Structure formats: structure tokens, C-alpha cells
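Colleague: I am new to this structure and would be grateful for a close look at one part of it, the nonpolar core. Please describe it in a connected account.

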Amino acid sequence: MISAKRTIAIFIAASLVLLATAVVLSAEGPAVMITTVKVEPEALMPGDSGTITLSIKNMDTQSSETETTVETLSYSEKTTTSTRSISAEISNIRLSSGRTGIEWLREGLRRSEYYNIGALGQGESITVAIPIKADAYVSDGTYFPEVCIEVKNGKNVRFPVPVKVHSGKVELIEKDVPSEISRHESKEIVIVVANNRPNSVNGVLVTTVGEDLELTPERVFMGNLAPYEKREVNFSIIPLSPGNKDIHIEVEYRNGFNSHRSTHESTVFVRNNTGMELILVDAPKSVLRGEVAKIDFDVANGMSKEARAVSVVPRKNNKGVVILPSEYFIGDMEAGDVFSASFGIDTSELEEGDNIIPFNLVFRDADTDRIYEIEGYEVHIKVKEPQKNMRLLSAKPILLAAGTLMLALIVGVMWLRARRRRKKRTA
């Protein structure tokens with residue numbers, strides 16, 4: 001028979017012993033799905049980098065884990081039950097490209113997968129961006145690299161993502177580029193910028209460089225070009241010297257965040273003639289000192305466009321020589337127009353012998369409003385001394401007055417003649 005002391009000892013020992021038993025009941029596991037996929041840019045060029053953006057969601061909203069804990073004492077037992085929802089524990093995400101030509105973009109020693117993404121609660125989502133790169137020699141087409149998601153407590157996911165590759169570029173096409181241009185004129189060139197891609201491109205910038213040519217503007221920013229969109233851009237070209245001149249045109253653009261460029265070369269021949277001509281019609285070969293030499297010109301517009309504010313101006317390199325008028329203003333001249341211009345030269349201050357009187361032609365370009373002054377014509381006048389006798393010497397003041405009067409009459413006649421021609425032209 002057990003003594004009372006022993007019975008008490010056994011009871012105390014039993015009461016101090018705690019036995020805990022946990023039973024966990026769970027479902028099969030959470031269901032993870034890829035809900036949205038976006039590839040940027042929409043179509044990669046060979047060698048381009050891009051991004052696959054995924055939205056991953058734990059679609060399970062009902063599964064739960066039940067945990068039961070049993071505590072056993074000497075003469076009693078305590079049972080505790082708790083329930084919690086199941087989270088999806090994602091261990092890693094990687095891209096299985098095989099031989100598709102699309103692979104995970106490695107930067108330095110960075111691994112080509114994501115580790116320990118974390119746990120997604122029921123109904124929760126996470127967005128993951130996977131950097132990708134197209135092989136430099138990949139052919140055009142649609143490729144399907146697989147996104148692989150490993151879930152510790154659920155089913156793994158394999159999802160093929162369509163990635164397009166297209167080698168089309170943004171090209172420069174000549175629409176209107178003159179084969180030749182005159183030395184002192186300007187013309188417009190028209191270039192078509194064509195996006196030959198199935199997706200839009202951005203940051204389109206066109207620049208021009210000319211060999212001894214002034215191109216305006218030098219840069220044109222076009223912004224975005226939609227898929228297969230074509231847009232025109234205009235430049236004014238002004239030659240600075242004659243001869244064959246090269247024109248280099250370049251377009252820079254971005255496909256996603258990948259920079260690309262295309263170039264185009266063209267050539268224009270710059271003629272040395274201006275297209276505007278000053279033609280000598282009549283001039284005396286020789287005059288006596290003190291006489292008025294009458295000079296007649298024709299001004300011809302041989303350009304293919306209008307010339308504005310046309311005038312003939314004596315070049316000011318003969319000090320003391322009186323030439324009237326000081327500028328013969330013609331005005332605007334259409335292509336093919338011919339107008340006359342006349343001057344009277346007082347030879348009193350000219351030296352004996354051969355004298356050169358240069359005249360310049362000034363006009364304004366109708367397209368650029370640029371003013372040109374070109375060397376038009378040099379008139380040679382031979383001045384002879386009159387016979388020296390007292391009669392002529394005493395009559396010199398009278399002759400000078402008569403010469404001035406004659407010069408004024410000549411100018412008046414020339415003005416009336418020009419006025420009649422303008423009236424006939426406008427009639």
C-alpha cells in the first residue's frame with residue numbers, strides 16, 4: 001500500500017509536468033497568379049533593353065490553417081484552438097529564356113533572378129519589374145520567354161510572356177532637295193522623317209550640318225512619332241562658297257530608353273553666278289573733263305523666284321566724284337523681269353586717262369529676307385583734257401553750270417522713263 005507521503009510526491013510531480021501537443025490542419029496551398037503583364041518598349045530592336053512588368057496576386061481568399069494545442073496536467077487537460085489565413089511564400093522569380101534570344105539583363109555580377117520576395121497575404125498583390133535584353137543578332141518575330149515563380153507552400157507558376165522584336169528604324173527621306181543653287185540665293189529643302197516601326201518612338205531630334213553652307217534651323221525637335229507615322233521638316237539652305245557641297249542630316253530617337261540614330265547624306269552644287277545680273281547697255285568710251293557721262297544698265301532677275309528691294313548703287317571708292325542718283329531703286333522684281341537703271345557722272349573731278357567706276361547690285365531674298373550686295377559691273381571711262389585757251393578757261397564757270405543743269409535734266413528724264421515702264425507693267 002502506497003504511503004501518503006509518496007502519493008503527495010507523485011501528485012506534485014504530475015502537476016509540474018506540462019505536455020503540449022499542436023495539431024495543424026491546412027489546405028493544399030495558396031494559389032498565386034500573374035494578373036497583368038506589360039512589356040516596354042512594345043517592340044524591341046535587336047540589342048535593345050526593356051522591362052517586363054508583372055503583377056502577382058495571391059488569389060486564395062478562403063483557405064486557412066487551424067492549430068490545436070493540448071496541455072495535459074495530472075488530473076486535467078486544456079485544449080486551445082487558433083485559426084489563421086494562409087500567406088503565399090514566394091522564394092524566387094526568374095526568367096527561363098532558353099534559346100529565344102530574350103534574356104534577363106545582367107548588370108555586372110547581378111544574378112539573373114529575384115530571391116526571397118516575401119509572403120503575400122490572401123488577396124494581396126505585388127508588382128515586379130524584370131529587366132530584359134534582346135540579342136544583338138536576333139531575328140524579327142515574337143518570342144515567349146517564361147517567367148517562373150517558385151512558391152514554398154503552394155504550386156509554382158510558369159507564364160510565357162510575348163516579346164516582340166522588330167528591326168525597323170526611323171529613316172530620313174529626301175522630298176525636295178535642289179541639285180544646284182546659285183551663290184547668292186537661298187532655297188528650302190524638305191526632308192521626310194519616317195517611323196518604320198510598329199510602336200511609337202520618342203525624343204525625335206533632327207540636326208543638319210553643311211559643308212560651307214548655312215542651314216536654318218540647325219536642329220528641329222519633333223517629339224514623338226506614332227507607329228509608321230511620317231512627318232516633314234523644312235530647312236533653309238544658304239551657300240557660302242561655290243562648288244559641290246555635302247549636306248549631313250541626322251535623326252536621333254529613343255525606343256523606350258534605348259537611344260538610336262539614322263543619317264542621310266546629300267550633295268548640292270553651288271553655282272558661282274548669282275542669278276541677278278547687272279548688264280551694261282550704254283556708256284561713252286571717252287569724255288572731255290567736265291562733261292556728264294551717261295551710263296545705262298539693264299537689271300535682270302534670272303532667279304526662279306522674286307527678288308525684293310532691288311537697287312543699283314555706285315561703289316564709293318572715288319572721292320569727290322558726283323554720281324546722280326546716288327542709288328537707283330527699282331523695287332521688287334519677279335522671276336524673269338528686266339528693268340533699266342541710268343546714272344549721270346560729273347567728270348570734273350576725274351583724273352585724265354582711264355577711270356573705273358564700279359556699281360554694285362543690292363537685293364533682298366524673298367524667302368529669308370537676307371540682304372545681298374554683289375559686285376555688278378565696272379564701267380571704264382577715259383577722260384581727256386579739253387584744249388587750253390583763254391576762251392574755254394573764261395567760259396569754265398558757265399560750262400560747269402550747264403553741265404550741272406544737263407545732269408539734272410538727264411536724271412529727270414530717267415525718272416520719267418522708269419515711271420512709264422512701271423505703269424505699263426502694272427497695267
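Modeller: In this predicted model, the largest nonpolar core has 31 residues. Those with the most contacts inside this core are Met 276, Val 299, Val 310, Val 312, Ile 345, Phe 359 and Ile 381. Two or more residues each come from strand 24 (276-282), strand 26 (292-301), strand 27 (307-314), strand 29 (328-333), strand 30 (338-346), strand 31 (353-365) and strand 32 (371-384). Strand 32 contributes the most, namely 5 residues.

Leaving aside neighbours within four places in sequence, Val 312 is in contact with Leu 278, Val 299, Tyr 328, Ala 341, Phe 343, Phe 359 and Leu 361, among others. The contacts of Val 312 also include Glu 327 and Asn 360.

A second, separate core consists of 28 residues, among them Ile 52, Ile 93, Tyr 114 and Tyr 143.

Elsewhere in the chain, an open sheet is formed by 3 strands in the order 3-14-11, with mixed pairing. Its edge strands, strand 3 (43-44) and strand 11 (141-143), each pair on one side only. Strand 3 runs parallel to strand 14 (residues 163-165), and 2 bridges join them. Within this pair, Leu 44 stands opposite Val 165 of strand 14.

Asn 195 counts as buried because its relative accessibility is 1%, where the cut-off is under 20%. Not counting residues up to four places away in sequence, Asn 195 touches Lys 169, Val 170, Ser 200, Val 201, Leu 225, Ala 226, Pro 227, Tyr 228 and Glu 229.

Notes:
Residues are numbered from 1 along each chain as its sequence is written. This is a predicted model: local features need pLDDT of at least 70, side-chain atom pairs count only at pLDDT 80 or more; totals for chains, interfaces and linings use all residues. Side-chain values use heavy atoms; hydrogens and water are left out. Two strands pair if DSSP finds at least two bridges between them. Helices (H or I, at least four residues) and strands (E, at least two) are DSSP runs, numbered from the N terminus. A nonpolar core is a set of buried Ala, Val, Leu, Ile, Met, Phe, Trp, Tyr and Cys residues joined through side-chain atoms within 4.5 Å. Buried means under 20% relative accessible area, exposed over 50%, partly exposed in between (1.4 Å probe, protein chains only). Contact means heavy atoms within 4.5 Å.
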